[in-house]
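Subject: Structure handover and notes

Hi there,

Here is the structure I promised to pass on.

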Amino acid sequence: GITRHYKFDIQMANVTRLCRTKSIVTVNGQFPGPKIVAREGDRVVVRVANHVPYNITLHWHGVRQIRSGWADGPAYITQCPIQTGQSFVYDFTIVGQRGTLFWHAHISWLRATLYGPIIILPKLGVPYPFAKPYKEVPIILGEWWEADTEAVISQALQTGGGPNVSDAYTINGLPGPLYNCSAKDTFKLKVKPGRTYLLRMINAALNDELFFAVANHTLTVVDVDALYVKPFDTPTLVIAPGQTTNVLLRTKPTFPNATFFMAARPYVTGRGTFDNTTVAGVLEYTNPRSAFPAKGFNKKLPLYKPILPGLNDTSFVANFTSKLRSLATAQFPANVPQTIDRRFFFTVGLGVSPCPENQTCQGPNGTKFAATMNNVSFALPTTALLQSHFFGQSKDVYTPNFPIIPLMPFNYTGTPPNNTFVSNGTKVLVLPFNTSVELVMQDTSILGAESHPLHLHGFNFFVVGQGFGNYNPATDPSKFNLVDPVERNTVRVPAGGWVAIRFRADNPGVWFMHCHLEVHTSWGLKMAWLVLDGPLPNQKLPPPPSDLPKC
Ligand code: C2O
């Protein structure tokens, strides 16, 4: 591979959406941010210089970071933030991945505007396992907030209240013509007839899983989270925050006399407040008659809009999810761990903690909302875990006692237990190098069932099983798919259900795992794995780079 150099200057920029101008944090003044393009096997070097009055870190979401854990980026997990006026060089190599990932800020809620695509092409001379597309187009779904998201989250953390709801969804940063004062900010994909386009879909929204479709066009799913899957056709995608999906779109054989919308709106499982609006973009055939005028709708042409599933269409989502399978060929094998060293069971859900004095909290009976794994709400330390571990200074920073729950039948989705109060702590789970892990994550319905897109840093994992209701350790494992389960880095724990994953802990370091709904992460739905060095020199985490920021 070769080395690709990027310079990311974090700077404020004025951006106008929905007829209002707002100063936002950007990379190089661009929104969405610049794309990183690399081939599998390339080294990527990004010099990040912080010129804004906020602490910054960037995360290369889904990049495995083999032996380069210092470059992973979550604040206070692998690094202290880059302070105003400082810089840091992220240096990593792309190994065994090809498809689409994305980068985003990994501190507070700054990823609301700090995000961009990572395009990973196959090694030179290695073709795609599908027909070569005519063109490739990144499509990033996001949320636009008129409020300052840093103010929204600090308010929500103090009072434990449901955070403010975004004002629009966006396609490549543009809300589109279904919002007031927004028709000129419409994403247009210009296409020719009879061609195949590769859409590189990314969900960078803070808090919503999204449905996406293009009117009158079928999508063929070929890759998720930078790993190939067995292709399948679908009218609609569902994509959770943190997930990426590559799809092929075949255009009509001849110029149609029509305009087609593409659109996205949320899939909602049990939240009280959410934005139920729709972002639209235009699939515009390049004959002049199909042009979508800047001012809005062309009344002379028929306009087709996609029909998206209902807001809570869980059966569509379950059906879509069940179709995802690894390619599992000789060239792209599915190396599912067949024997397991450690089996873990994590509950995932919402709870409450006591309201601080002199505050009005919005949880039940005046409590504050919290979110947990195994009833622990993770507290971010004030110095980075990876540094503390590497230099043997863990005392007072973290404790290696993440709770282990015995695997036994238990009713997690029935009547809530009496005590919904959570405990707080910076508890990590320690794994020896190369441990093969099976982890079952069970949604609890203590304060209502809700789906949680769980993201694991530093690894891909195989999704070997999932179901609704309570996981049954006596009967469910016999139904696991150990042949061609989908491999990915972010998986939905279904609302009122469970998911089982397997991975091999072959990457030493401290690896964050959290819900990719930013509101739940902020409430504490996160934990960290500490994977120890192996005995051989190439099984150890190298020392930190000399410019690693200090807290
Ligand atoms: Cu995309 Cu820890 O995040």
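Helices (H or I, at least four residues) and strands (E, at least two) are DSSP runs, numbered from the N terminus. This is a predicted model, in which local features need pLDDT of at least 70 and side-chain atom pairs count only at pLDDT 80 or more, while totals for chains, interfaces and linings use all residues. Residues are numbered from 1 along each chain as its sequence is written.

On confidence, pLDDT is the predictor's confidence in each residue, from 0 to 100. The chain has a mean pLDDT of 94, with 96% of its residues at 70 or more. For the complex, the predictor reports an ipTM of 0.99 and a pTM of 0.97.

**The record**

UniProt, in an unreviewed entry, lists residues 10-123, 136-287 and 416-533 under "domain: Plastocyanin-like". Its positions are given in the numbering used here, feature names are shortened, and annotations may be inferred rather than shown by experiment. The span 10-123 is 0% helix and 46% strand, and its end C-alpha atoms lie 31 Å apart.

Lysine 123, the end of that span, sits in the loop between β8 (115-121) and β9. Is lysine 123 buried or exposed? Lysine 123 is exposed, with 11 other C-beta atoms within 10 Å. The terms work like this: a residue is buried if 20 or more other C-beta atoms lie within 10 Å of its own, exposed if 12 or fewer, and partly exposed in between, with C-beta atoms placed from the backbone. Leaving out residues up to four places away in sequence, lysine 123 touches Arg39, Glu40 and Gly41; contact here means that the C-beta atoms, placed from the backbone, lie within 7 Å. Glycine 96 is 27 residues from lysine 123 in sequence, and their C-alpha atoms are 9.9 Å apart.

Glutamine 86 belongs to the loop between β5 (58-61) and β6 (87-93). Glutamine 86 is partly exposed, with 17 other C-beta atoms within 10 Å. Its contacts, again not counting residues up to four places away in sequence, are Asn50 and Pro549. Between the C-alpha atoms of glutamine 86 and valine 48, 38 residues apart along the chain, the separation is 8.6 Å.

Strand β9 (residues 135-144) is largely enclosed by the rest of the structure, because seven of its 10 residues are buried. β9 pairs with two strands described here, where pairing means that DSSP finds at least two bridges between them. With β12 (residues 196-203) the sense is parallel, over seven bridges, and valine 137 stands opposite leucine 199. With β10 (residues 168-171) β9 runs antiparallel, joined by four bridges, and tryptophan 144 stands opposite alanine 168.

Helix α1 covers residues 149-159, and Thr149, Ile153 and Ala156 are buried in it. Seen down the axis of α1, the buried residues fall within an arc of 65 degrees, so they line one face of the helix. The arc is that of the directions from the helix axis to the C-beta atoms. An α-helix has 3.6 residues a turn, so residues three or four places apart point the same way. Part of the cover over the buried residues of α1 comes from α4 (518-522). Just after α1, glycine 160 takes a positive phi of about 65 degrees.

**A five-stranded sheet**

An open sheet of five strands runs in the order β25-β33-β32-β27-β30, with mixed pairing. At its edges are β25 (428-431) and β30 (490-493), each pairing on one side only. Neighbouring strands in this sheet are turned by 20 degrees against each other on average, direction ignored; axes are lines fitted to C-alpha atoms, for helices over the stretch in contact, and angles run from 0 to 180 degrees between N-to-C directions. β27 (residues 452-456) and β30 are antiparallel partners over four bridges, with histidine 455 opposite threonine 490.

**Backbone details to look at**

Most residues other than glycine have a negative phi, and most peptide bonds are trans.

- Phenylalanine 31 and proline 32 are joined by a cis peptide bond, with omega about -10 degrees; proline 32 lies in the loop between β2 (20-27) and β3 (36-39).
- Cysteine 19, in the loop between β1 (3-17) and β2, has a positive phi of about 70 degrees and counts as exposed, with 11 C-beta neighbours inside 10 Å.
- Asparagine 358, in the loop between β21 (342-353) and β22 (368-373), has a phi near 60 degrees and is exposed, with 5 C-beta neighbours inside 10 Å.

Best wishes

Methods:
Contact = placed C-beta atoms within 7 Å.
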